[in-house]
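I opened the model to look up how its parts meet. My entries follow.

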Amino acid sequence: MPRPVIYHIPVCPFSQRVEILLELKGMRDAVDFQVVDITLPREAWLLEKTRGTTALPVLETEEGGILKESLVIMRYVEERFAEPQIARNTPYERGIERLFISREGAFGTAGYLYVMNRAREKAAQMRETLLEHYAWLDDMLCQYNPDGIWLFERFGLAELAYTPLMMRFWFLEYYEGFALPQTERFARVARWRDACLEHTAAQQVSREEIIKLYYDYAVGSGNGALPEGRQRSTFVFEPHWRDRPMPPKDKYERIATDAELGLI
Ligand code: GAZ
């Protein structure tokens, strides 16, 4: 059976959104996921399909149609494999869902800039910016479902848009000592986040994997780029992350060697 193909980077938060959605539908095999190695130059045939852009995920339909942007691909999968429906039912609730999702980009950027920051004196401001995003989510959750867990009565599109990003933010706990303050301002969003991280449909990556693979981000090099003095990216597939040691936490002091990271 021909199936849509998604070209993706396995640990990328954006493709995990679509993986979670398919898992919620019990249809993981409805899409053929093809892995792209972010540490190698993009292949010409793939660049041709994307007309030159390199960001993933990209979906290709059976007819050769191309779609980019994880949230667009998410809606395509939701509508194409319509049963069971995961999106909300009414126009009003879909509106709330979309409003909630509308800050995912800024939320993700806040966390990534924070982990990639190399100037210790800027860390406090970056933490503050991220906390403002969590406070906004807290306020939304308090408005629409103050006593529950999810934005509505179950884990849905709102949750799957943010869960992969909140999982990547395990790197902030490890490299920045970041934690949500245990105060009233964040109580509702903390309950939501904890439930999101534990949801059975969202277990495609682990904390250990995130911390090891994103070491290069923590010393300022994103998207498979190589930090100074290094030959191998922490995003390489070999050696497997399970066989590598936990990276050093002192990201402001120095950059660990390939050997210390278990990459050679
Ligand atoms: N908006 C797109 C979507 O699909 O939702 C984003 C896709 C994307 O950025 N993909 C990245 C990619 O393919 C991998 S994940 N990069 C390779 C390339 O050649 O473009 C996130 C950030 C950030 C830096 C990196 C990432 C990240 O901010 O996870 O903010 C959220 C990249 C500094």
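How many residue pairs are in polar contact between domain 1 and domain 2? I find 5 residue pairs, both residues at pLDDT 80 or more. A polar contact here is a pair of N or O atoms within 3.5 Å; within protein, one must be able to donate a hydrogen and the other to accept it, and residues adjacent in sequence count only if both atoms are side-chain atoms.

I note that this is a predicted model, with local features needing pLDDT of at least 70, side-chain atom pairs pLDDT 80 or more, and totals for chains, interfaces and linings using all residues. Numbering runs from 1 along each chain as its sequence is written, and side-chain values use heavy atoms, without hydrogens and water.

**Bounds.** I looked up the domain assignment, which is automatic or from a database. It gives domain 1 as 5-80 and domain 2 as 91-202. Their centres, taken over C-alpha atoms, lie 24 Å apart.

**Contact.** I count 13 residues of domain 1 in contact (heavy atoms within 4.5 Å) with 17 of domain 2.

**Area.** About 1,400 Å² is buried between the two domains. That is accessible area (1.4 Å probe) lost on putting the two parts together, summed over both. Carbon and sulfur atoms give 64% of the buried area. Arg 17, Ile 20 and Arg 75 supply 39% of what domain 1 buries against domain 2, more than any other three residues.

**Salt bridge.** The rule (side-chain nitrogen of Lys or Arg within 4 Å of a carboxyl oxygen of Asp or Glu) finds 1 across this interface. I also looked up Arg 17, which forms a salt bridge with Glu 104. Their closest N and O atoms are 2.8 Å apart.
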